[in-house]
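Me: Please walk me through this structure, one question at a time.

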Number of protein chains: 2
Amino acid sequence: MTSTDRVPGSVSEHGPGATAVRPTRQRRAVAAALEAFDDFRSAQEIHALLRDRGESVGLSTVYRTLQTLADADEIDSLRTETGESIYRRCSGTHHHHLVCRSCGATVEVEGPTVERWTSAIAGEHGYTDVSHTLELFGTCRACAGR
Amino acid sequence: MTSTDRVPGSVSEHGPGATAVRPTRQRRAVAAALEAFDDFRSAQEIHALLRDRGESVGLSTVYRTLQTLADADEIDSLRTETGESIYRRCSGTHHHHLVCRSCGATVEVEGPTVERWTSAIAGEHGYTDVSHTLELFGTCRACAGR
DNA sequence: AAGGTAGGTGAGAATCGTTGTCAAATTGGC
DNA sequence: GCCAATTTGACAACGATTCTCACCTACCTT
């Protein structure tokens, strides 16, 4: 690898010797697909959407790209109750989700209270380097009306 | 199905006419296995333990039994970051877990603060019938020392 | 522009946890 | 002991995800 520094397109990783990430057609397509939704979607759904749009991208690539984006915190990912991973574009700041069980409508919520609580609890028990998962599932107003 | 109504499913349910779940050798073995651990274990690990102990129980049965127990809230279940289901005996009251990423040591924690917060948030956004998942992962003191 | 090369792609195979199938075995009530 | 409902377990089937690997492409160097 050469020594010239480069600032690659989308995934925010940089500095000398950092892995280069190339802005390929496929990556742009996946990113665009995420913009088209505003609720959580699975890799397979995104793959299907792209195929229907005529911008077909290999399933492996969709998985890879979503993972890369999620690792870089450029999108949110979470697991449904059935263990499936779903993804969504996100706001960048740390937050959690309130997801409608029936229609998928999602609200991003912030929880300074919870953040404080988790680190307090962790410290209390001598745990370090703590991360947490917190998701709320419920029925939104619209869906409750039926 | 006969005419008498019976309470389906619930594991520790008894009394007249309510015997849908039988205390078989296999179920006792799975329950005993859970007592032997105090951290979370996967169905496969429990299946392996039983096999090694010479109390072999079919894998399907282990899965079924764990699910039944979890549905009846007699054991805790949660999903690891990789989507695998893991189980553990539990205290019965609502609580969350602080799990060591490296050795699996688990602390049950209660969070009245969090419970209040979640219902407040949910109400604020008009969501009803809300459930939540909250798990903490970290490195316990013992593991941090290496 | 040409060439080299590290990174990226995708079709299909492989994995892995989990669930379904169904005949045989067990259980509890009579 | 007999019977019917329940349970079991070997095995197949499944679905999501990851791996493989030959081919492709973006991007740097010349």
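Reply: Gladly! Helices (H or I, at least four residues) and strands (E, at least two) are DSSP runs, numbered from the N terminus, and two strands pair if DSSP finds at least two bridges between them. This is a predicted model, in which local features need pLDDT of at least 70, side-chain atom pairs count only at pLDDT 80 or more, and totals for chains, interfaces and linings use all residues. Residues are numbered from 1 along each chain as its sequence is written, chains are lettered from A and ligands numbered from 1 in the order written, and side-chain values use heavy atoms, without hydrogens and water.

Me: In β3(A), which residue is the bridge partner of A:Ser77?
Reply: Chain A has an open, antiparallel sheet of three strands in the order β1-β3-β2, with β1 (41-42) and β2 (75-79) at the edges. Five bridges join β2(A) to β3 (residues 85-89) of chain A. In β3(A), the partner of A:Ser77 is A:Tyr87.

Me: Which residue in the turn of the hairpin of β2(A) and β3(A) has a positive phi?
Reply: Five residues lie between these two strands. The phi in question is about 90°, and the residue is A:Gly83.

Me: What angle does helix α3 of chain B make with β2(B)?
Reply: Chain B has an open sheet of three antiparallel strands in the order β1-β3-β2. Helix α3 (residues 59-71) of chain B lies across β2 and β3 of that chain. With axes as lines fitted to C-alpha atoms (for helices over the stretch in contact) and angles from 0 to 180 degrees between N-to-C directions, the helix runs to β2(B) at about 105°.

Me: In β3(B), what is the bridge partner of B:Arg41?
Reply: β1(B) runs antiparallel to β3 (residues 85-89) of chain B, and two bridges join them. The partner of B:Arg41 in β3(B) is B:Tyr87.

Me: Which residue of chain A is in contact with B:Thr80?
Reply: B:Thr80 sits in the loop between β2 and β3 of chain B. Its side chain makes a polar contact (N or O atoms within 3.5 Å; within protein, one able to donate a hydrogen and the other to accept it, and residues adjacent in sequence counting only if both atoms are side-chain atoms) with the side chain of B:Thr82, at 2.9 Å. Leaving aside neighbours within four places in sequence, B:Thr80 touches B:Ile86 and, in chain A, A:Arg79.

Me: Which element gives the largest share of the side of chain B that touches chain A?
Reply: The two chains bury about 3,100 Å² (accessible area, 1.4 Å probe, lost on being put together, summed over both), 61% of it on carbon and sulfur atoms. There are 10 residue pairs in polar contact, both at pLDDT 80 or more. Among the elements of chain B that each supply at least two residues to its side are β4 (96-100), α4 (112-124) and β6 (128-139). The largest share, 12 residues, comes from β6(B).

Notes:
Contact means heavy atoms within 4.5 Å.
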